[in-house]
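Take a look at the sequence and the model below. Then read on for a short tour of a few residues.

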Amino acid sequence: MDAQDRHAKWLIGQVEKGRMSRREFLGRTAAIGVAANMGAGLFSQAQAATPKKGGHMRLAMGHGATSDTLNPATLTNGLQWVVAYGVANTLTELDAQGNLVGSLATEWSSSPDAKVWTFKLRDGVEFHNGKTMTAEDVVASLNYHRGEDSTSVGKPVMEAVEEIKIDGNTITMTLVSGNADFPFNFNEATFGIYPAKDNTIDWQAGGSGGYILKSEKPGQRYEFERNPNYWKDGAAHPDSIELHSITDPAARQNALITGEVDCIDRVELKTLSLMARKPGVVIEEGAGPLHYTFPMLTKIAPFDNVEMRKAMKFAINRQDIVDKILFGHGVVGNDHPIGPSYRYHAADIEQNSYDPDKARHHWEKSGLGDITVDLSASDAAYSGALDAAVLFQASAQEAGININVVREPNDGYWSDVWMKKPWCASYWGGYPTEDTMLSTGFAPGAAWNDTQWDHPQFNDLLVQARAELDEGLRAEMYRDIQLILRDEGGNIVPMFANEVHARNEKIVHGDLSWVRGFDGRRIMDRWWMV
């Protein structure tokens, strides 16, 4: 620890002891060379030392559509995930450091080949409807994503489950093949646990989460009250919470500045420096698996042509988009979803870079001739998605490739455009493990396979890597997967973006998770008012 760090820690101590105001704290951190938002973050750590109950929290997110539901099988956007984590718990959970910890499961273990997994369930958990959670509720919640008729995003995970057995308060799952990361899947909001009812689950009744949903305008506004019988200590602090969908970036930021809400996600990056100078506004940023994409439906012409797909990958100026859309708050992508935050990210793979000559070469090999390709985009995908599409259009034109950017409406984008139109703008918040990301977004038949990807070598490697317990061999397999997607896949991944949110001084937190925005989407459980 250098002298600056020691002095900063001393300043935090003064705040914690009530010997220094926020204004003086920020002034002194600036004087010793600590960045303004870092100083604010240090001050937040001082405040966060003493969580307290009470208050009313108001949040706004740049996600949501009127077609949204809370059906755990169809949670599409970040707003739905925040609500789902608020009303229901999962078997496991990621802490701020990315470690897997227990939630409704207190412990788990596997056979040596990682094919048989046993989960011991927590006693005394009560659902919002007053029913005590049993192993039957857990199995019903897991089975909700199984079966031939299932269209759940969780189906690829549960398809690997051959059998589930109950022994008192313990469940045992036997898999078709080994999966070294299997318990990580049950951190996902999709696998929230709800009360069993009529051979299915009653997800409308809510789960066992820290908040009870009191009113709902789907994809627009949600109101919650704290669950008085919540089992989890040190969580769910505010008495009540409002969650709003404000997809327009300017309106969302204005809501924070004018005091209508306490925290927003997806801060508009082009005005970030101005936002940071607003009195009482704290900007926080971190890097994780969030990435922005242009998925092509690879079973629909002309996107079924691998040479055409290669041409498009050399026709996009990634660095230009990172500079002009992310304003440096991210890094270029390489046409696969396994970015720098992942354990098996293959940093040695050569980067696909902007090269009009190579783009022209592959286009000519495609045999498509002089055609124009539609690219659907909307800022519902991510802030700046429409501008990114226009930049793509311009760089492709240099290679003689014609892209027509179709401006789509924000509302209904995820139900009417994504996975419906042959080529569009999209985003993925990412997942804690490579297998979950790849199984959810690229496995054949997966509900969210948004490129209709089905590649025999990829499919085999995905299953093999999942079961491989040798770290070196597993890394080689995931490297091969990244190469296949880079060279042949239908997803153009121009960039990995940092998560950036802004809050006022009424709302604080402990250590932050950057696996996804809003503290891994668990903001309702983890933040509090001061």
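M133 sits in the loop between β5 (116–121) and α5 (135–143). Helices (H or I, at least four residues) and strands (E, at least two) are DSSP runs, numbered from the N terminus. This is a predicted model: local features need pLDDT of at least 70, side-chain atom pairs count only at pLDDT 80 or more, and totals for chains, interfaces and linings use all residues. Residues are numbered from 1 along each chain as its sequence is written, and side-chain values use heavy atoms, without hydrogens and water.

Leaving aside neighbours within four places in sequence, M133 is in contact (heavy atoms within 4.5 Å) with L104, L121, R122, V125, F127, V138 and I193. P183 is 50 residues from M133 along the chain, and their C-alpha atoms are separated by 20 Å.

Now to T451. This residue lies in the loop between α14 (434–441) and α15 (456–467). Not counting residues up to four places away in sequence, T451 touches P295, M296, L297, T298, F442, G490 and N491. T451 and G490 are 39 residues apart in sequence, yet 5.7 Å apart in space, C-alpha to C-alpha.

Are these residues buried or exposed? Buried means under 20% relative accessible area, exposed over 50%, and partly exposed in between (1.4 Å probe, protein chains only).

| Residue | Relative accessible area | Class |
|---|---|---|
| M133 | 6% | buried |
| T451 | 0% | buried |
| C263 | 0% | buried |
| C424 | 2% | buried |

How many disulfides are found in the whole structure? The search finds zero. A disulfide is a pair of cysteine sulfur atoms within 2.5 Å.
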